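Please keep the model open beside them as you read.

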Amino acid sequence: MVTSSAPGKVYLFGEHAVVYGEPAVPCAIERRARVTAEEIDEGLVVHAEDLKLDGFTVEYTGDSTDLPDVDAAKPLLEASMGYINEAVTQVRDAAGAPDAGFEIWIESDIPLGAGLGSSAAVAVAAIDAGCRELGVELDPEDIADRAYQVEAAVQDGEASRADTFCSAMGGAVRVEGDDCRRVGGVEHLPFVIGYDGGAGDTGALVAGVRALRGEYDFAADTVGAIGDIVREGESVLGTGDTETLGELMNFNHGLLAALGVSSRSLDTMVWAARDAGAVGAKLTGAGGGGCIVALDETDAALTALRYTPGCDEAFRAALDTEGVRAE
Ligand SMILES: Nc1ncnc2c1ncn2[C@@H]1O[C@H](COP(=O)(O)OP(=O)(O)O)[C@@H](O)[C@H]1O
Ligand SMILES: C[C@@](O)(CCOP(=O)(O)O)CC(=O)O
Ligand SMILES: [Mg+2]
């Protein structure tokens, strides 16, 4: 039996636009998903106690014909099981063991569906644990690539390599299409996270941006302008110029809001952090609900968020320079 863990992430810049080939800079954070895998004779048994669907805790056998006995919509359950099912498919493929059976336990500090990349962290940790259990060591780039295949399969092709590459490698990364690399020289960023307790539907939000982009040239230009922000941001990343990073994050949030992926609670948390003196604040990930990320060296934004109606939880999340690892 082996356990692997992988970090969640925040987007400093570039979510959504990265789906259309613009660059993005996600940063791994010290909140992890841990996956334990044990080889069994056949089939797949998954214990995912954090996976709450409308209040149910799900423990399922990973055969989609054998859905757990809970009162939740079948597509929702199938999508939820999809990340682990697809990760196991990748493990069997990598190990050349199409019939390998697994019992899998998932435990995670990353809120689900909130823009902190829980799906990528679970996929990355599951692939690493499953492969090591079968005696196969993949390097982090291969794990990232296979975890991307998982997200692409579950999200009907609507996924970038950003979350999975970031979770596998750790630190700050830059992703532009298939070109994925680590960004050197970034050791510390004073991230503060505000979480509204909710979640966004990544697939629907991506589809909404795709539709707007098709309908209006200025929406396509907005996506391109997010790419310009990323290119500008890269030039100051690692220089210690937090003020400029913050200003660019604020601009990025405005453009994401224009594309329709913010929400009242995300905007409220963004303004609470800014009013408290954060140098910048934006939503992170797909949006619609979930988390914002602010930059603040002091405790002011953290404290303000804790007193902000609609903010369920606020916490610091240090940059995690380590990606996937054996536990
Ligand atoms: N702890 C967990 N246990 C099982 N599945 C998880 C866990 N965390 C995340 N997932 C899977 O990832 C999905 C959320 O991914 P997604 O909608 O992309 O949001 P995000 O990646 O921003 O958290 C969940 O619905 C579930 O399928
Ligand atoms: C909207 C998007 O750019 C980021 C989604 O991030 P998250 O799953 O909400 O953490 C989609 C993607 O890059 O796959
Ligand atoms: Mg995700």
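1. Let me start with the core. In this predicted model, the largest nonpolar core has 102 residues, and L12, F13, C27, I104, L189 and F191 have the most contacts inside it. Such a core is a set of buried Ala, Val, Leu, Ile, Met, Phe, Trp, Tyr and Cys residues joined through side-chain atoms within 4.5 Å; buried means under 20% relative accessible area, with a 1.4 Å probe and protein chains only. Helix 2 (residues 118-133) gives the largest share of this core, 9 residues. Helices are DSSP runs of H or I with at least four residues, strands are runs of E with at least two, and both are numbered from the N terminus.

2. Now the domains. The domain assignment, automatic or from a database, gives domain 1 (2-183) and domain 2 (191-316). The core described above draws at least three residues from each of them. Their C-alpha centres lie 24 Å apart, and 28 residues of domain 1 are in contact (heavy atoms within 4.5 Å) with 38 residues of domain 2.

3. L189 deserves a look. Leaving out residues up to four places away in sequence, L189 touches L12, C27, L237, L245, L295 and L319.

4. On to ligand 1. It has 18 residues around it, and S80, G113, G115, S118 and S119 come nearest; a residue counts here if one of its heavy atoms lies within 4 Å. Polar contacts are pairs of N or O atoms within 3.5 Å. A backbone N or O atom of G113 lies 2.8 Å from an oxygen atom of ligand 1, and for G115 a backbone N or O atom lies 3.0 Å from an oxygen atom of ligand 1. The protein covers 89% of the 570 Å² of accessible area (Shrake-Rupley, 1.4 Å probe) that ligand 1 has on its own.

5. Ligand 2 is next. Which residues are closest to ligand 2? Of the 16 that surround it, they are K9, H16, G117, S160 and A286. A backbone N or O atom of G117 lies 3.2 Å from an oxygen atom of ligand 2, while a polar side-chain atom of D163 lies 3.3 Å from an oxygen atom of this ligand. The protein covers 95% of the 380 Å² of accessible area that ligand 2 has on its own. Strand 1 (2-13) and helix 5 (202-215) are the elements giving two or more residues to its shell.

6. Finally, the conventions. Residues are numbered from 1 along each chain as its sequence is written, with chains lettered from A and ligands numbered from 1 in the order written. Local features need pLDDT of at least 70, side-chain atom pairs count only at pLDDT 80 or more, and totals for chains, interfaces and linings use all residues, while side-chain values use heavy atoms, without hydrogens and water.

How values were computed: Buried < 20%, exposed > 50% of the residue type's maximum accessible area, 1.4 Å probe, protein only. Polar contact = N/O pair within 3.5 Å; in protein donor to acceptor, adjacent residues only side chain to side chain.
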